[in-house]
Amino acid sequence: HDEWGKFKPIAGYYLINFRGQFGKMKYEDQEQEVSKLGSKYKSCQEAVFTEAILTISLINKEKIAEKWSHRGGLIGDGEQVIVGFDGDAGIGIHSVNISNAEPDMRIVVEHEWDF
């Protein structure tokens, strides 16, 4: 289940909407909503999201995803990674069942760039 943490993002720019969308939905429904945005949009990869919110927190002291978590991709056996701030402990990284539909489990959308 640790493969997501070994992901090496491509160096460059990422356009990420940190709003956290589609809460109170199951994973499949969230992914369907993201697909409706168009082919250039996808759920932000967990490692990219984690690095971005840590960097923003260090520079601006702003804690994105302080009251909610970003749902990442599948990690097997109906489980997926969720990432967000975990109180004063820092970044919280957990796995949840994809059938959960909690309001604080949202999707952060990334727009693919064409260079």
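This is a predicted model: local features need pLDDT of at least 70, side-chain atom pairs count only at pLDDT 80 or more; totals for chains, interfaces and linings use all residues.
Biologist: On to helices. Which residues of helix α1 are buried?

Modeller: Here's the general idea: an α-helix has 3.6 residues a turn, so residues three or four places apart point the same way. In α1 (residues 27-36), the buried residues are Tyr 27, Gln 30 and Val 34. They span an arc of only 65° around the axis, which puts them on the same side of α1.

Biologist: And what covers the buried residues of α1?

Modeller: The cover includes strands β1, β2, β3, β4 and β6. Just after the helix, look for Gly 38, which takes a positive phi of about 130°.

Biologist: How do I read the strands around β6?

Modeller: For each partner, look at the direction and the bridges. Strand β1 (residues 15-21) runs antiparallel to β6, joined by four bridges; Asn 17, for instance, has Val 109 as its bridge partner. Strand β2 (residues 41-43) is also antiparallel to β6, over three bridges, and there Tyr 41 stands opposite His 111. Strand β3 (residues 69-76) pairs with β6 in the parallel sense, over two bridges, with His 70 opposite Arg 106. As for β6 itself (residues 105-111), five of its seven residues are buried.

Biologist: How many salt bridges does a search of the whole structure find?

Modeller: The idea first: side chains of opposite charge can pair when their charged atoms come close. The search finds three. One joins Lys 36 to Glu 33, with the closest N and O atoms 3.1 Å apart. These two are three residues apart in α1, so about one helical turn separates them.

Biologist: Which residues are linked in a network of salt bridges?

Modeller: Lys 42, Glu 110 and Glu 112. Lys 42 meets Glu 110 at 4.0 Å, N to O. That pair links distant parts of the chain, strands β2 and β6, 68 residues apart. Lys 42 also meets Glu 112, at 3.9 Å. Glu 112 lies in the segment after β6, so this pair ties together parts 70 residues apart in sequence.

Biologist: How covered is each member?

Modeller: Glu 110 is buried, at 5%, while Lys 42 is partly exposed at 35% and Glu 112 is partly exposed at 33%.

Methods:
Residues are numbered from 1 along each chain as its sequence is written. Side-chain values use heavy atoms; hydrogens and water are left out. Buried means under 20% relative accessible area, exposed over 50%, partly exposed in between (1.4 Å probe, protein chains only). Two strands pair if DSSP finds at least two bridges between them. The arc is that of the directions from the helix axis to the C-beta atoms. Contact means heavy atoms within 4.5 Å. A salt bridge is a side-chain nitrogen of Lys or Arg within 4 Å of a carboxyl oxygen of Asp or Glu.
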